[in-house]
Amino acid sequence: MSPDIKRPFIVLLASHWLSMLGVALTTTAGFSWLFVLPMHLRGNADNPYIGILAFLIIPAVLFLGLALIPVGVLLARRQVVSGLAAIPDRRAAWRKIGVFLGLMTFVNLVIGSQATYRAVAHMETDQFCGQSCHVMKPEFTAWKHAPHSHVECVECHITPGAAGWFAAKMAGTRQLMNVALNTYKRPIEDAIETNRLVRSEETCEKCHARDKEIGSVMKVIPTFKDDEKNTRSETVLMLMVGGKAGGIHGAHMGPGVEIRYAPTDSKRGTIPWVEYKGADGKVSTYVDPSAKPGSVAGLPRYTMQCVDCHSRPAHTFQLPGRAVDAALAAGKLPANAPFFRKFAVELLTTSKDGTDIAPKVVAYYKEKAIPGDPAVTAAFLTNLYDSNVFPDLKVTWGTYSNNLGHTDAPGCFRCHDGSHERADKTAITNDCTTCHRMVAVDEASPEVLKTLGIDQ
Ligand code: HEC
Ligand code: HEC
Ligand code: HEC
Ligand code: HEC
Ligand code: HEC
């Protein structure tokens, strides 16, 4: 005869400590949810830590509690069946559970509300954020000044859907632990290196059509010499960005075109193997002959994406020379102050933490008897330094390089260096006029700018 019928669930539940613990955990989790969920929904949905609490930790407690209840019930049943424990009275069992639940509710309401509220309130403080989000300060600072400053972080970094959301919460938890234990990498790895970027179909291409015809884009790059006059010159390039039909975009992302490549390092800086599938379906493989035979076979392969060229769409860090040149051209720094270009670039490159910039600018103004307020120049240069160099995170000039080009980083020349060859010895093009027409190179005042009426 089965004892189950005479020993209802509720009686067994009350007679083992494990099932009672399960009830305790379940109610605690339930109450915590009641406190945390409204905070998550009410404007704090972006705070990953509230998310972690609401969707990982509390549910874990809930499920642990739910799992413990049947275990306790089974153990209680076994004890009763084997005669080890007395059969409790049904009425007494209900009373026990009633008192227990009442007590738990009271304790949960008093302590739980206070504790959860305090914990969540703490996560909102600058102190907490200042420490944890501080790791991302370089990216946050650069993003604020980027053309994508109105595009939210999650748009590029979190794959839409439940799986992406879960992966992000797990990564967030891991990052939180690294920050708490102070074990995060300095500088933190770039997102290409950790292979954690959302595919361009689900990000960039939601806003920019892959085959949009952009045509040619004129680029004027002013540079200044390190001489007394800060002599200015201009390089004018006509970049053939193209679109569906061809050009830079069409050659890599046009209809039917697919480029796969195998890098030897996680930053994808050295690429010995490239496979090109054209619109006609024909496949050619280009190999760097300096790569050891057989060394390419085991490398990971990636399909070319927007970020393989546009690696810094939201976090463009500058180089000191380029930043000073751009500011001189824009009139934000004094181009008539003798040797100013040389002075400014040296100052930015050698400063340890940015605090010595202002006094040195003041001294320079005095020494060279430059009219105007040194404070404005000092503030500009200090801000430039603070937006690009983060000494405690080991981020300095050039730590995060940009692959859109070939002068500051290998960029296009990782493949287009003229040495990646097919079996028939044709190489991926290195012709200077394929990607851009060089309308003027380092000219004092290029004719074309006069013609267009945009010379200075
Ligand atoms: C338009 C898309 C886009 C947006 C918006 C964006 N990012 Fe990024 N982010 C990238 C790309 C692309 C990389 C990888 C660059 C690389 O690996 O060279 C990256 C890299 C990073 C990295 C790794 C370190 C580094 O510099 O490579 C961090 C951290 C980061 N982003 C944080 C953020 C934060 C925080 C925000 C919001 C304030 C944000 N991102 C917004 C595209 C974006
Ligand atoms: C939510 C929409 C959105 C997403 C996602 C997005 N962009 Fe943009 N992007 C824009 C808008 C809007 C502009 C124009 C901004 C402006 O001119 O101020 C822009 C501008 C650009 C520009 C020109 C910037 C410049 O320097 O003038 C490039 C290049 C670009 N995006 C590439 C990308 C890439 C690569 C990605 C994916 C990593 C991406 N975008 C994701 C909306 C988006
Ligand atoms: C092979 C490298 C490469 C790839 C891949 C690539 N681009 Fe570009 N793209 C460029 C270059 C080079 C320019 C011109 C840059 C400049 O103006 O400084 C450019 C320009 C742009 C511009 C700005 C055009 C303007 O008006 O100034 C946008 C927007 C853009 N790309 C979006 C994308 C998107 C989205 C993808 C992915 C679907 C993509 N690109 C893939 C190289 C690439
Ligand atoms: C991962 C390797 C790789 C990178 C990086 C790369 N390309 Fe290419 N590119 C190719 C391959 C492969 C082809 C097709 C072979 C060819 O046409 O020589 C190609 C073709 C082209 C073409 C068409 C050439 C022609 O003869 O019509 C242009 C233009 C071009 N790339 C520009 C660029 C620019 C600009 C960059 C950097 C912003 C760049 N590529 C980065 C692999 C790459
Ligand atoms: C695969 C395409 C490609 C090839 C081949 C190529 N370039 Fe470029 N080049 C670019 C891109 C992209 C940029 C960056 C444009 C920008 O700043 O947005 C650039 C920029 C430049 C600049 C401006 C540098 C600066 O100060 O910013 C010069 C100069 C230049 N290229 C010269 C050359 C010469 C010389 C050759 C031939 C040996 C060559 N390029 C071959 C794609 C190419």
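The following questions and answers go through a predicted model of a protein.

Student: How many helices and strands are there in the protein?
Tutor: The chain has 456 residues, of which 36% count as buried. Its secondary structure consists of 17 helices and seven strands.

Student: Of the contacts with a separation of 6 or more, what share is made by residues 24 or more positions apart?
Tutor: A contact here means heavy atoms within 4.5 Å. Among contacts with a separation of 6 or more, the share from residues 24 or more positions apart is 67%.

Student: Are histidine 249 and histidine 310 buried, exposed or partly exposed?
Tutor: Buried means under 20% relative accessible area, and exposed means over 50%. Histidine 249 has a relative accessible area of 23%, and histidine 310 has a relative accessibility of 35%. Histidine 249 is therefore partly exposed, and histidine 310 also counts as partly exposed.

Student: Where do the protein donors of the iron atom of ligand 5 lie in the chain?
Tutor: The protein donors are His406 and His436, through NE2, at 1.9 to 2.0 Å from the iron atom. They tie together parts that are 30 residues apart in sequence. Histidine 406 lies in the loop between helix 15 and helix 16 (432-435), and histidine 436 in strand 7 (residues 436-443).

Student: Is histidine 436 buried or exposed?
Tutor: The other histidine at the iron atom of ligand 5, histidine 406, is partly exposed at 33%. The limit for buried is under 20%. With 10% relative accessibility, histidine 436 counts as buried.

Student: How is helix 13 oriented to helix 15?
Tutor: Helix 13 (residues 340-350) packs on helix 15 (residues 374-388) at an angle of about 45°, with axes 10 Å apart. Angles under 35 degrees would count as roughly parallel, and those from 65 to 115 as roughly perpendicular. The angle therefore makes helix 13 oblique to helix 15.

Student: Which residues make the contact between helix 13 and helix 15?
Tutor: Helix 13 passes helix 15 in a right-handed crossing. The contact is made by Phe340, Ala344, Leu347 and Leu348 of helix 13 and by Thr377, Leu381, Leu384 and Tyr385 of helix 15.

Student: Against which elements do the buried residues of helix 13 pack?
Tutor: The buried residues of helix 13 include Phe340, Phe343, Val345 and Leu348. They pack against strand 1 (215-224), helix 12, helix 14 (357-368) and helix 15.

Student: Which residues of helix 14 meet helix 15?
Tutor: Helix 14 and helix 15 pack at about 145°, with their axes 9 Å apart. Their crossing is right-handed. On the helix 15 side the residues include Pro374, Ala378 and Thr382, and on the helix 14 side they are Ile357, Ala358, Val361, Val362 and Tyr365.

Student: Against which helix do the buried residues of helix 6 pack?
Tutor: In helix 6 (residues 137-144), Pro138, Glu139, Thr141, Ala142 and Trp143 are buried. These buried residues pack against helix 15.

Student: What is the relative accessible area of arginine 268?
Tutor: Arginine 268 is in the loop between strand 3 (258-262) and strand 4 (273-277). Among its contacts beyond four places in sequence are Ile192, Tyr302, Asp308 and Arg414. Arginine 268 is buried, and its relative accessible area is 8%.

Notes: Residues are numbered from 1 along each chain as its sequence is written. Chains are lettered from A and ligands numbered from 1 in the order in which they are written. This is a predicted model: local features need pLDDT of at least 70, side-chain atom pairs count only at pLDDT 80 or more; totals for chains, interfaces and linings use all residues. Side-chain values use heavy atoms; hydrogens and water are left out. Buried means under 20% relative accessible area, exposed over 50%, partly exposed in between (1.4 Å probe, protein chains only). Axes are lines fitted to C-alpha atoms, for helices over the stretch in contact, and angles run from 0 to 180 degrees between N-to-C directions. Helices (H or I, at least four residues) and strands (E, at least two) are DSSP runs, numbered from the N terminus. Angles under 35 degrees count as roughly parallel, over 145 as roughly antiparallel, 65 to 115 as roughly perpendicular and the rest as oblique. A crossing is left-handed if the near helix is turned anticlockwise from the far one by less than a right angle, and right-handed if clockwise. Donors are N, O and S atoms within 2.8 Å of the metal (3.2 Å for Na, K and Ca); water is not among the atoms, so sites may look incomplete.
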